[in-house]
Amino acid sequence: SLFIFEELRKVLGDVAMLESVLLEPEWIHDFNAIITKKYIEYYEILFSEVGLPDGVHIYDDLGYTNSSFISPHCHREMIHPYHVELFSLFKDYNLPITLHTCGDFRPHLPAIVESGVDCIQAL
C-alpha cells in the first residue's frame, strides 16, 4: 500500500507538497501523524481480524529520474519518523518490509535502512 509521501502527493499535488515541506513543516507533521495513526489502526485491525501476511509492501516514491524529490535533511525530518513508526509495528509482528521507491533515492538509503526496510523494490 502507499504511505505518507504518496498520500501527500495525492492530496496536495507535487508542487504544493514540495512547497509545503519547506514552508509549512508543522502542517506536514500534523498530516503525517494523522495518516500514520490511521495506517497503524488499519493494520492492527487487519492483522487481528484476517491474520498476518507473509510480509508487507509499501510504496513511497522518493525520487524521480534525475534526483530525489526532497533533501536527505527534509526526509529525515518530515518522512523518516513516520516510516519508523509504521515499520516498527510491522517489525513487532516479525514481518519483512519491502519498500518500493523510484528514481534516485540513493541519498535516502541510510534513513531507509534505519527505518527497518528489508528490501527495496525500485524501477
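Modeller: Happy to; we can go through the helix contacts, then the core and a loop. One thing to keep in mind is that this is a predicted model.

Biologist: Then let's start with α1 and α3. What angle do they pack at, and how far apart are the axes?

Modeller: Helix α1 covers residues 4–12 and helix α3 covers residues 25–50. They pack at about 115°, and their axes are 10 Å apart. The crossing of α1 and α3 is right-handed.

Biologist: Which residues meet there?

Modeller: From α1 you have I4, E7, L8, V11 and L12. On the α3 side they meet W27, I28, F31, N32, I35, T36 and Y39. By class, that contact has 9 nonpolar, 2 polar and 1 charged residues.

Biologist: What is E7 in contact with, leaving aside its neighbours within four places in sequence?

Modeller: With those neighbours set aside, E7 contacts L2, F31, I35 and Y39.

Biologist: You mentioned α2. How do α1 and α2 pack?

Modeller: Their angle is about 120°, and the axes are 7 Å apart. That makes α1 oblique to α2. The crossing of α1 and α2 is right-handed.

Biologist: And which residues meet in that one?

Modeller: F5, L8, R9 and L12 from α1 meet D14, A16, M17 and S20 from α2. Sorted by class, the contact of α1 with α2 has 5 nonpolar, 1 polar and 2 charged residues.

Biologist: What does the backbone do just after α1?

Modeller: Just past the end of α1, G13 takes a positive phi of about 85°.

Biologist: OK, on to α4. What's the geometry with α1?

Modeller: Helix α4 spans residues 72–92, and α1 packs with α4 at about 125°, with the axes 10 Å apart. The two helices are therefore oblique to each other.

Biologist: What residues meet between α1 and α4?

Modeller: I4, F5 and L8 of α1 meet M78, I79 and Y82 of α4. That contact divides into 6 nonpolar residues, with no polar and no charged ones.

Biologist: Change of topic: how many residues are in the largest nonpolar core?

Modeller: It has 33 residues. Y43, I58, L86 and F90 have the most contacts inside this core.

Biologist: Which elements give two or more residues to it?

Modeller: Those elements are α1, α2 (14–23), α3, β1 (56–59), α4 and β4 (97–100). The largest share comes from α4, with 8 residues.

Biologist: Zoom in on I58 for me. What does I58 touch?

Modeller: Not counting residues up to four places away in sequence, I58 touches S1, F3, Y43, L86, F87, F90, T98, L99 and H100.

Biologist: Now the loop between α4 and β4. What is N94 doing there?

Modeller: N94 sits in that loop, and its phi is positive, about 60°, although N94 is not a glycine. N94 is exposed, with a relative accessible area of 69%.

Biologist: And L95, buried or exposed?

Modeller: L95 is in the loop between α4 and β4 too, but L95 is buried, at a relative accessible area of 4%.

Biologist: So what does L95 touch?

Modeller: Beyond residues up to four places away in sequence, L95 touches F47, L52, P53, D54, G55, V56, F90 and D118. As for V56, L95 and V56 are 6.8 Å apart, C-alpha to C-alpha, and 39 residues apart in sequence.

How values were computed. Residues are numbered from 1 along each chain as its sequence is written. This is a predicted model: local features need pLDDT of at least 70, side-chain atom pairs count only at pLDDT 80 or more; totals for chains, interfaces and linings use all residues. Side-chain values use heavy atoms; hydrogens and water are left out. Axes are lines fitted to C-alpha atoms, for helices over the stretch in contact, and angles run from 0 to 180 degrees between N-to-C directions. Helices (H or I, at least four residues) and strands (E, at least two) are DSSP runs, numbered from the N terminus. A crossing is left-handed if the near helix is turned anticlockwise from the far one by less than a right angle, and right-handed if clockwise. Contact means heavy atoms within 4.5 Å. Ala, Val, Leu, Ile, Met, Phe, Trp, Tyr, Cys and Pro count as nonpolar, Asp, Glu, Lys and Arg as charged, and the others, Gly among them, as polar. Angles under 35 degrees count as roughly parallel, over 145 as roughly antiparallel, 65 to 115 as roughly perpendicular and the rest as oblique. A nonpolar core is a set of buried Ala, Val, Leu, Ile, Met, Phe, Trp, Tyr and Cys residues joined through side-chain atoms within 4.5 Å. Buried means under 20% relative accessible area, exposed over 50%, partly exposed in between (1.4 Å probe, protein chains only).
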